[in-house]
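Visitor: I have a model to look at, and I would like to know what its labels rest on. Could you take me through it?

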Amino acid sequence: MTVIWILFLVFLKIGLFSIGGGYAIIPMIQEEVVEKFAWISEKTFTDIITISQMTPGPLAVNTSTFVGLQVGGILGAIAATVGCILCGVIISIALYKFFQTYQNSEYVLEVLNGLKSASLGLIISAAATIILLAFYGTSEVSNYLSFNYIALIIFALSFIIVRKWKVNPISIIILSGILGFVFYS
């Protein structure tokens, strides 16, 4: 099987299980592309997530495109992106038809409440993964000595500036990028 076909199938599976949106699916993408297939390093994955958050569009789609480009070039980007969105499009059409038919069903509303709870748990898991990657450089806390205090200071300053002075987040992203360049290059 070629890498392009494998990229398509991997992101088709990711797209199929991306309930809860982009942040909720980050741990699954990481498991597939970093741990299982070892296509990219954890550092590259962190960089891809960062870039995907800054570019327009859904996080999971942007991430799949960047990973596909990294692994298989333009064809890899197309395969990963189509794989990521195909199930969502098909499921959305099917759910639209279903909800049009059963829009007043109490059972359907209760199922949706359950899905909301599961999505919240997935989003919290993604947030924990991003925090660990930012502060430890890995998704596991295996070495407390590898804590990145510079990342903590940049995070704290960004948080305070946004919350206290309501500075535009784009300015914070630019400032953080400059600080990252200064401290990490």
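Guide: The model is a predicted one. In the chain, residues 24 or more positions apart account for 50% of the contacts with a separation of 6 or more.

Visitor: What makes a pair of residues a contact?

Guide: Heavy atoms within 4.5 Å make a contact. Leaving aside residues up to four places away in sequence, Gly180 touches Ile154 and Ser185.

Visitor: Where is Gly180 placed?

Guide: Gly180 belongs to helix α7, which covers residues 169-184. The chain has 7 helices and 0 strands, and its pattern along the sequence reads α-α-α-α-α-α-α.

Visitor: Why is Gly180 called buried?

Guide: Buried means under 20% relative accessible area. Gly180 has 16% relative accessibility, so Gly180 counts as buried. Across the chain, buried residues make up 29% of the 185 residues.

Visitor: How far apart are Gly180 and Ala151 in sequence and in space?

Guide: They are separated by 29 residues in sequence, with 8.4 Å from C-alpha to C-alpha.

Visitor: Which residues count as positive and which as negative?

Guide: Lys and Arg count as positive, Asp and Glu as negative. The chain has 8 positive and 8 negative charges, and their mean positions are 12 Å apart.

Definitions and conventions: Residues numbered from 1 in each chain as written. Predicted model: local features only at pLDDT ≥ 70, side-chain atom pairs only at ≥ 80, totals over all residues. Heavy atoms only, no water. Helix = DSSP H or I, 4+ residues; strand = E, 2+ residues; numbered from the N terminus. Buried < 20%, exposed > 50% of the residue type's maximum accessible area, 1.4 Å probe, protein only. Charge placed at Lys NZ, Arg CZ, Asp CG, Glu CD.
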